[in-house]
Amino acid sequence: MRRAVCPGSFDPLTNGHLDIVARAAKVFDEVIVAVLVNESKRSLFSVDERVSMLSEAVSAYDNVEVTAFRGLLVDFCRDNQAVAVVKGLRSGGDFDYEVHMARMNERLSGIETVFIPASPALSFVASSLVKEVARFGGDVSGLVPSYVLKPLHSRLSEQP
Ligand code: PNS
């Protein structure tokens, strides 16, 4: 049984994230989508809200589960008997950022990182851009699941 972990902030989840999770679920027997609890980072949605939105998104996959984690990713992977970390790559910029983490994680625990190239139609989609565009009234439908749109707009409208 080969289990992988797809970690991230998912603030909010995007269709780009879901594409990577769906493809990881075809390659591995089980996938854990792991939401980082990062108290030092101001997020739009709470960890519980993000876990709940992701859980709805992956409900169709019987080999995918969603949970929150704290601390080092390698410790979470070890505690959950995961054999790999899965990350999506949209660009060379992503690679430059991710490869350092992949090498650090491999050095810390021996775990391998498997990179999945983002689908071309979603390769520009990032949570940060989605938030910025939505904040100024731009159309982000099609970039996040439909049930994320309403909470996204309402949470952004509450912000100063
Ligand atoms: O969606 P993000 O914010 O790019 O995800 C980054 C994440 C959560 C994958 C990364 O920050 C992480 O793994 N954090 C856990 C702490 C850790 O293990 N840090 C060392 C990484 S080499």
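Start by selecting R3 and E30, which form a salt bridge (a side-chain nitrogen of Lys or Arg within 4 Å of a carboxyl oxygen of Asp or Glu). The closest N and O atoms of R3 and E30 are 2.8 Å apart. R3 sits in strand β1 (residues 3–8) and E30 in strand β2 (residues 30–36), so the pair ties together parts that are 27 residues apart in sequence. Strands here are DSSP runs of E with at least two residues, helices are runs of H or I with at least four, and both are numbered from the N terminus. R3 is buried, with a relative accessible area of 15%, while E30 is partly exposed at 27%. Buried means under 20% relative accessible area, exposed means over 50%, and partly exposed is in between (1.4 Å probe, protein chains only).

Before you click on, some housekeeping: this is a predicted model, where local features need pLDDT of at least 70, side-chain atom pairs count only at pLDDT 80 or more, and totals for chains, interfaces and linings use all residues. Residues are numbered from 1 along each chain as its sequence is written, and side-chain values use heavy atoms, with hydrogens and water left out.

Next, pick E39 and R70. This is a salt bridge too, with its closest N and O atoms 2.8 Å apart. The pair links distant parts of the chain, 31 residues apart: E39 is in the loop between β2 and α2, and R70 is in the loop between β3 and α3. Are E39 and R70 buried or exposed? E39 is exposed, and R70 is as well.

Now jump to D94 and R90, another salt bridge whose closest N and O atoms are 2.8 Å apart. Here D94 is buried, at 13% relative accessible area, whereas R90 counts as partly exposed at 36%.

Then show D11, R50 and K131 together: a network of salt bridges links them. How many salt bridges does the count come to? The count comes to eleven.

A cis peptide bond joins D11 and P12, with omega about 0°. P12 is in the loop between β1 and α1 (15–27). F10 lies in the loop between β1 and α1 as well, and its phi is near 55°, a positive value in a residue other than glycine. As background, most residues other than glycine have a negative phi, and most peptide bonds are trans. Check the cover around F10 too: F10 is buried, with a relative accessible area of 5%.

For another positive phi, go to Q81, where the value is near 50°. Q81 is in the loop between α3 and β4 (84–89) and is exposed, with a relative accessible area of 54%.

**Helix against helix**

Show α2 (residues 47–57) and α6 (residues 146–158) as cartoons. They pack at an angle of about 160°, with their axes 11 Å apart. The axes are lines fitted to C-alpha atoms, for helices over the stretch in contact, and angles run from 0 to 180 degrees between N-to-C directions. That makes α2 roughly antiparallel to α6. Angles under 35 degrees count as roughly parallel, over 145 as roughly antiparallel, 65 to 115 as roughly perpendicular and the rest as oblique.

Leave α6 on screen and bring in α5 (127–135). How do α5 and α6 compare on angle, and what is the axis distance? The angle is about 65°, with the axes 10 Å apart. That makes α5 roughly perpendicular to α6.

F136 is exposed, with a relative accessible area of 70%.

**Last stop: a nonpolar patch**

Finally, select L72, M104 and L108 and switch to a surface view. They make a nonpolar surface patch of about 280 Å². Patches are made of residues with over 30% relative accessible area and no salt bridge, with like charges joined within 9 Å and nonpolar side chains (Val, Leu, Ile, Met, Phe, Trp, Tyr) within 5 Å. Accessible areas come from the Shrake-Rupley method with a 1.4 Å probe, and for residues only the protein chains shown count as cover. L72 is in the loop between β3 (64–69) and α3 (73–79), and is partly exposed at 46% relative accessible area.
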